[in-house]
Amino acid sequence: MAFVQTYNNMLRTSGISVEVVAPYIDKSKGWICAHGQELGVRFDETWSCYRGGIQPCGECEACKKREAALAFARSRALNRTGTEAPELAKPQAEEGGLFK
């Protein structure tokens with residue numbers, strides 16, 4: 001949070017009338033994924049791969065952290081409903097979809 005405050009101080013000092021906010025800065029990636037599930041986020045249409053390309057690599061740090069966060073959200077959904085949340089499934093290649 002200190003970074004955001006420092007950055008906002010720099011913006012004010014520079015005369016720029018913009019404020020940076022970071023409402024999820026203190027939340028874990030797992031919490032964010034679980035919250036996204038509650039909001040109806042289509043995780044099958046998202047990815048966080050550092051390598052780029054048409055499909056996530058599944059090996060880079062971003063892919064590993066994303067999968068761990070989605071696993072947490074899946075377990076939370078499973079504990080709450082007794083069934084796995086299909087919207088948290090791993091992305092699949094679909095014709096016309098994001099992952100071709």
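Student: Where is Val20 found in this structure?

Tutor: Val20 lies in the loop between helix 1 and helix 2 (29-39), where a helix is a DSSP run of H or I with at least four residues, numbered from the N terminus. This is a predicted model, in which local features need pLDDT of at least 70, side-chain atom pairs count only at pLDDT 80 or more, and totals for chains, interfaces and linings use all residues. Residues are numbered from 1 along each chain as its sequence is written, and side-chain values use heavy atoms, with hydrogens and water left out.

Student: Is Asn8 buried or exposed?

Tutor: Buried means under 20% relative accessible area, exposed over 50%, and partly exposed in between (1.4 Å probe, protein chains only). Asn8, placed in helix 1 (residues 2-13), is buried with a relative accessible area of 6%, whereas Val20 is partly exposed at 31%.

Student: Which residues is Asn8 in contact with, leaving aside its neighbours within four places in sequence?

Tutor: Contact means heavy atoms within 4.5 Å, and on that basis Asn8 is in contact with Val18, Glu19 and Val20.

Student: How many disulfides does the structure hold?

Tutor: A disulfide is a pair of cysteine sulfur atoms within 2.5 Å, and the structure holds zero of them. The sulfur of Cys60 has its closest cysteine sulfur in Cys63, at 3.7 Å, which is too far for a bond, so Cys63 is in no disulfide either. Cys60 is buried, with a relative accessible area of 8%, and Cys63 is buried too, at 10%.

Definitions and conventions: Helices (H or I, at least four residues) and strands (E, at least two) are DSSP runs, numbered from the N terminus.
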